[in-house]
Amino acid sequence: VQLQASGGGAVQAGDSMTLSCVASGRTSDYNALAMGWIRQAPGKEREVVASISWNGGQTHYLDSVKGRFTVSRDNAKSTMTLQMSSLKPEDTAVYYCAATQVARYVIAPVVEVGPYDYWGRGTLVTVSS
């Protein structure tokens, strides 16, 4: 599975932005993939910003983005979206779309960076004050 993220750019604090991720390749496996958005700010470790279970039924957010970010997925289209609002300068980072294969009985999102096996190229989000 190959992942490609898009939608990054430069915005002002308080603005909104949507990131999209499209999966290609063995997308027949798409609905067995738990997915997430992972970011890495300069000088900091990667962190899972938002994650979503393979069936879209459960999501998890980093505390600092709760109420501002929303993750969703469309398994029929092999896509995942991250809607970001009220952006802050501290949201500035390279954002990665990532996925990991899970068993169908695993309905929880994957909240740690380690288990993610598939990564797209990052897209830079810059939020200025």
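Strands here are DSSP runs marked E of at least two residues, numbered from the N terminus.

## Ground rules

This is a predicted model, where local features need pLDDT of at least 70, side-chain atom pairs count only at pLDDT 80 or more, and totals for chains, interfaces and linings use all residues. Residues are numbered from 1 along each chain as its sequence is written, and side-chain values use heavy atoms, with hydrogens and water left out.

Let's start with Val48, which sits in strand 5. Its relative accessible area is 10%, so Val48 is buried (buried means under 20% relative accessible area, exposed over 50%, and partly exposed in between, using a 1.4 Å probe and protein chains only).

What does Val48 touch, leaving aside residues up to four places away in sequence? Contact means heavy atoms within 4.5 Å, and on that basis the partners are Trp37, Ile38, Leu62, Val110, Val111, Glu112, Val113 and Tyr116. Val48 and Tyr95 are 47 residues apart in sequence, yet their C-alpha atoms are 9.6 Å apart in space.

## Two nonpolar cores

A nonpolar core is a set of buried Ala, Val, Leu, Ile, Met, Phe, Trp, Tyr and Cys residues joined through side-chain atoms within 4.5 Å. The largest one has 28 residues, and the members touching the most other members are Met35, Trp37, Phe69, Leu82, Met84 and Tyr95.

## The disulfide

A disulfide is a pair of cysteine sulfur atoms within 2.5 Å, and a search of the whole structure turns up one. It joins Cys21 to Cys97, with 1.8 Å from S to S. The pair links distant parts of the chain, with Cys21 in strand 3 (residues 17-24) and Cys97 in strand 9, 76 residues apart.

Which hand does the disulfide of Cys21 and Cys97 have? The torsion about the S-S bond is about -65°, so it is left-handed. Both Cys21 and Cys97 are buried.

## Rings and charges

Rings of Phe, Tyr and Trp (its six-membered ring) pair if their centres lie within 6.5 Å; planes under 30 degrees apart count as stacked, over 60 as edge-to-face and the rest as tilted. The whole structure has one aromatic pair. Tyr96 and Trp119 make up this edge-to-face pair, at 5.7 Å centre to centre and 75° between the planes. Tyr96 belongs to strand 9 and Trp119 to strand 10 (residues 118-119), so the pair ties together parts that are 23 residues apart in sequence. Tyr96 counts as buried at 15% relative accessibility, whereas Trp119 is partly exposed at 28%.

A charge sits over a ring if NZ of Lys or CZ of Arg is within 6 Å of the ring centre and within 35 degrees of the ring normal. Arg46 lies over the face of Tyr96, 4.5 Å from the ring centre. The charged end of Arg104 sits over the ring of Trp54, 4.9 Å from its centre.

## Asp91 in its loop

Is Asp91 buried or exposed? Its relative accessibility is 1%, so Asp91 counts as buried, and its place is the loop between strand 8 (79-84) and strand 9 (93-101). A polar contact (a pair of N or O atoms within 3.5 Å; within protein, one must be able to donate a hydrogen and the other to accept it, and residues adjacent in sequence count only if both atoms are side-chain atoms) of 2.8 Å joins the side chains of Asp91 and Arg68. Not counting residues up to four places away in sequence, Asp91 touches Arg39, Val65, Arg68, Phe69, Ser86, Val125 and Val127.

## Two serines with positive phi

Most residues other than glycine have a negative phi. Ser78 has a positive phi near 55° and is found in the loop between strand 7 and strand 8. Ser78 is buried at 8% relative accessibility.

Ser86 also has a positive phi, near 45°. This serine lies in the loop between strand 8 and strand 9 and is partly exposed, with a relative accessible area of 38%.

Notes. Helices (H or I, at least four residues) and strands (E, at least two) are DSSP runs, numbered from the N terminus.
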